[in-house]
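I opened the notebook to write down what I looked up, in the order I looked it up.

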Amino acid sequence: MVSMKILYFHQHFSSPSGSTAIRSYGMSRCLIGRGHQVTVICGSYLGSKTGLSGLFVNGQRRGFVDGIEVIELDLDYSNADGFVKRSFTFLKYAVRGLKLIFTEKYDLVFATTTPLTAGIPGIIARWFRNKPFVFEVRDLWPELPKAMGVITNPVILGLMSMLEWVSYHSAHHVVSLSPGIAKGVEKRGIAQSKISLIPNGCDLDIFDREVEKWRPMGISEADLLVLFAGTHGVANGLNSVLDAAKELKSRGRLNIKFLLIGQGKLKNSLMERAKREVLNNVIFHDPVSKKQLAGLMSTTDVGLQILANIPVFYYGTSPNKFFDYLSASLPVLNNYPGWLAEMIDMNSCGFTVPPDDPIAFADALEQADSNRADLKLKGSRGKMLAVLEFDRKKLADKWVDELESVYLKLGK
């Protein structure tokens, strides 16, 4: 049996005790279960918890978390940081990762975006240390920030496009998280045989266990609880939720309550708008751990998969929250076209509404409230989809198979 030591670069790594995505944690645990060693190199991301608590020494702290060796760099990052600060944090992470490329012992480098700069250590390992390099693409850059208008400088966009090309062509294999991402990678000249589609997965072990059920104050058991759990940033388009809340308020449907749980750059402005327009049917909450989220979702009626109406999102994203909703047997309301909307319609596990249409949004939630029995059936069908297609453990096994295949093909 092949045995490898993997350097795993993910700037925003978190254990389940944090409030952010845990794909890298789940993948690393699968590597260990298959007899491999893994060292995760990460920064300090607001909302994440690496599991380490010691002091930083020379800009890093190192330890083991559930069998995973973690090297946490003393680099704080938040979605609320400005563009310049975020950019410097990304670059400092890549530069400090380069040192580890030349000082650590390893057999293969795996790097996952975002940011795109996380792949720089892998590029150097490929060309200067002759090591196998596998690159995972979670978002298409620079297409995404360009489409959002976040980055408009043609020089910066050109440099990012160059880094994207070099990252793909330096990698021995590319892992994509959605069909649109896979096609985007292929358009950059990568053969289909070198691209795997391994989407985000469902953490069934977390959402299937006994949990402490809870709802925040202000939401009764009789209310229809509609949950958004994720980042409150530009990409998320959460003003559409407030638009729907305003429409429902005008209809007198205040028993339909929106709970927005998380953090992000636009959270304060969203809270100010809700206060200004007296949207008492919208409640904001701080992030919670995965365990607490499972307890909350056990009392939730509908999960919101919301994004800004930007075409690159339609097939080029694989949102963690969507798979959490499926895991928790929640019907999903999705407000943009694409592969997730098609999946919801095909499996009848939720509602799809047009972008920027608060009337259709409100209509769907009134329909959900008026037929709670059908709502439960939609949730059950979503859970079935989670078990059959998106079980994290099955997807992680497929992912490890790809890493082992790359390692063996290169004759290591």
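In which sense do β9 and β10 pair, and over how many bridges? I found that β9 and β10 pair in the parallel sense, over six bridges. Two strands pair if DSSP finds at least two bridges between them. Helices (H or I, at least four residues) and strands (E, at least two) are DSSP runs, numbered from the N terminus.

Before going on, I noted that this is a predicted model, in which local features need pLDDT of at least 70, side-chain atom pairs count only at pLDDT 80 or more, and totals for chains, interfaces and linings use all residues. Residues are numbered from 1 along each chain as its sequence is written, and side-chain values use heavy atoms, with hydrogens and water left out.

**Entry: strand β9**

I looked up the partners of β9. Leucine 224 stands opposite isoleucine 256 in β10. From β9 the chain crosses through helix α8 (residues 239–250) to β10, and this β-α-β crossover is right-handed (with the strands pointing away from the viewer, the path from the first strand over the helix to the second runs clockwise). β9 also pairs with strand β12 (residues 302–305) in the parallel sense, over two bridges. There, valine 226 stands opposite valine 302.

Why is β9 (residues 224–229) largely enclosed by the rest of the structure? Six of its six residues are buried, so that is the reason. Buried means under 20% relative accessible area, exposed over 50%, partly exposed in between (1.4 Å probe, protein chains only). I checked both faces: Leu224, Val226 and Phe228 are buried on one side, and Leu225, Leu227 and Ala229 on the other. In a regular strand the side chains alternate between the two faces of the sheet.

**Entry: strand β3**

Next I looked at β3 (residues 60–65). Its covered face holds Arg61, Gly63 and Val65, and its uncovered face holds Gln60, Arg62 and Phe64. β3 runs antiparallel to strand β4 (residues 68–77), joined by six bridges. Arginine 62 has isoleucine 71 in β4 as its bridge partner. The two strands form a hairpin with two residues between them, and aspartate 66 in the turn has a positive phi of about 55°.

**Entry: aromatic rings**

How many aromatic pairs are there? I got a count of ten aromatic pairs. Rings of Phe, Tyr and Trp (its six-membered ring) pair if their centres lie within 6.5 Å; planes under 30 degrees apart count as stacked, over 60 as edge-to-face and the rest as tilted. Phenylalanine 135 and tyrosine 168 have ring centres 6.2 Å apart and planes at 45°, so this pair is tilted. Phenylalanine 135 lies in strand β6 (residues 133–137) and tyrosine 168 in helix α5 (residues 154–170), so the pair ties together parts that are 33 residues apart in sequence. Both phenylalanine 135 and tyrosine 168 are buried.

**Entry: cysteines**

I searched the whole structure for disulfides (pairs of cysteine sulfur atoms within 2.5 Å) and found zero. The sulfur of cysteine 30 is 16 Å from the closest cysteine sulfur, in cysteine 202, which is too far for a bond. For cysteine 42 the closest cysteine sulfur is in cysteine 30, at 20 Å, again too far for a bond. Cysteine 30 counts as buried at 12% relative accessibility, and cysteine 42 counts as buried at 0%.
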